[in-house]
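Please report on the pockets and the surface of this protein. Keep it short, with headings.

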Amino acid sequence: DTDLAALASFENLNVTAIELAGRKVTREYVITREIQTRVGEPLRTALVDEDVQRLENLSIFAAIGVEGQAEGTGVRLTFRFKEMPALIPFVGVEYSEQDRVSGGPQVSALNLFGRGISVGGKAYFGGAKKYEVGLSWPWISGDHVSLNFRGARLSRADELNEFKETSYEFTPQVGRYLGEHGRLKGKFSLFRMESDVD
């Protein structure tokens, strides 16, 4: 964890260097583009706290800490990371009054290729058969240009309306950063449903 009280003793001293420790898979630029504290500028603990928050928002680290060490008349900063597992397999279960119990395997990759890309998929069986894939790429290029995608297929017996449903969903979404207080997103969704009766 970041001890801001310890860093406060270095407040306003020039940052002489910024080191990244514990990074194994994550690309260096994925981290550095989130850090606004700059070498050669005075240290501001409030800004370091914001840097850590931005890094935590990536959801690819289990722990993040920052340490300061005196170096000449300035301070050397070290960001320490503990990365999340590359692949997380698990079993999911969901319940609804209409479909009853469905469940099956799920898998998530939170940091694909070390670029902060999140990919997940699941296959559920039981009251409903559901296959779903999702992708979240928070920063493709430019100023936080992002891409999200969800694709799904659902097959179930709609007992309430007395028909068998097979539906498909295709939803891509593109976003762009508008500054510290906003983001613009555009989404297109295609949904198709088939039935065994008219």
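## The largest pocket

What volume does the largest pocket have? About 640 Å³. Of its 26 lining residues, Glu-34, Arg-54, Asn-57, His-144 and Arg-183 are the closest to the centre. A pocket here is an open set of points on a 1 Å grid over the protein atoms alone, where a 1.4 Å probe fits, with protein on both sides within 12 Å along at least five of seven lines; lining residues have an atom within 4 Å of a point. The volume is the space filled by probe spheres set on the points.

Helix 3 (45–57), strand 7 (128–141), strand 8 (145–158) and strand 10 (183–187) each give at least two residues to this lining. Helices (H or I, at least four residues) and strands (E, at least two) are DSSP runs, numbered from the N terminus. By class, the lining of the largest pocket has seven nonpolar, 11 polar and eight charged residues.

## The second largest pocket

The second largest pocket has a volume of about 210 Å³. It has 15 lining residues, and Val-119, Gly-120, Gly-121, Gly-134 and Leu-135 are the closest to its centre. Strand 5 (100–112), strand 6 (117–126), strand 7 and strand 8 each supply two or more residues of this lining.

## An exposed residue

Val-91 sits in strand 4. Its relative accessible area is 66%, so Val-91 is exposed (over 50%, with a 1.4 Å probe and protein chains only).

## About the model

This model is predicted: local features need pLDDT of at least 70, side-chain atom pairs count only at pLDDT 80 or more, and totals for chains, interfaces and linings use all residues. Residues are numbered from 1 along each chain as its sequence is written, and side-chain values use heavy atoms, without hydrogens and water.

Conventions. Buried < 20%, exposed > 50% of the residue type's maximum accessible area, 1.4 Å probe, protein only. Nonpolar A, V, L, I, M, F, W, Y, C, P; charged D, E, K, R; others polar.
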